[in-house]
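Open your viewer and keep the selection tool ready. We will go from stop to stop and look at what is there.

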Amino acid sequence: MTTDPDPYEQGQRAARENIPAEGNPYQDGSQEHSLWAAGHEEVAGAAEADESEDT
């Protein structure tokens, strides 16, 4: 089992904790940066969709 953090899961967690996408800790252009952003977008995008349905 690996103990390395998963950037995708970190991005999802950050979005759930309302950390903005600009808080991505990885170097821009790196694979980890892209994975973190994808995880963040998945959660943040779902949250935004839920908010727009409530109006």
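Which residues of α1 are buried? Select P7, Q10, G11, Q12, A14 and A15: these are the buried residues of α1. Buried means under 20% relative accessible area, exposed means over 50%, and partly exposed lies in between (1.4 Å probe, protein chains only).

**Before moving on**

This is a predicted model, in which local features need pLDDT of at least 70 and side-chain atom pairs count only at pLDDT 80 or more, while totals for chains, interfaces and linings use all residues. Residues are numbered from 1 along each chain as its sequence is written, and side-chain values use heavy atoms, with hydrogens and water left out.

**Stop 1: the whole chain**

Show the chain as a cartoon. Two helices and zero strands make up its secondary structure. Both terms refer to DSSP runs, numbered from the N terminus: helices are H or I with at least four residues, strands are E with at least two. The chain has 55 residues, and 25% of them are buried.

**Stop 2: the ends of α1**

Select D6 and Y8. At the start of α1, a side-chain oxygen of D6 comes within 3.0 Å of the backbone nitrogen of Y8. Next, select N18, which follows α1. The phi of N18 is positive, near 60°.

**Stop 3: G11**

Select G11, in helix α1 (residues 7–16). How much relative accessible area does G11 have? The value is 0%, so G11 counts as buried. What does G11 touch, leaving aside neighbours within four places in sequence? G11 is in contact (heavy atoms within 4.5 Å) with W36, G39 and H40. G11 and S34 are 23 residues apart in sequence, yet 9.7 Å apart in space, C-alpha to C-alpha.

**Stop 4: Y26**

Move to Y26, in the loop between α1 and α2 (31–53). Is Y26 buried or partly exposed? Y26 is partly exposed, because its relative accessible area is 22%. Leaving aside neighbours within four places in sequence, Y26 contacts P5, P7, Q10, E32, H33 and W36. Zoom in on Q10. A polar contact of 2.4 Å joins the side chains of Y26 and Q10. Such a contact is a pair of N or O atoms within 3.5 Å; within protein, one must be able to donate a hydrogen and the other to accept it, and residues adjacent in sequence count only if both atoms are side-chain atoms.
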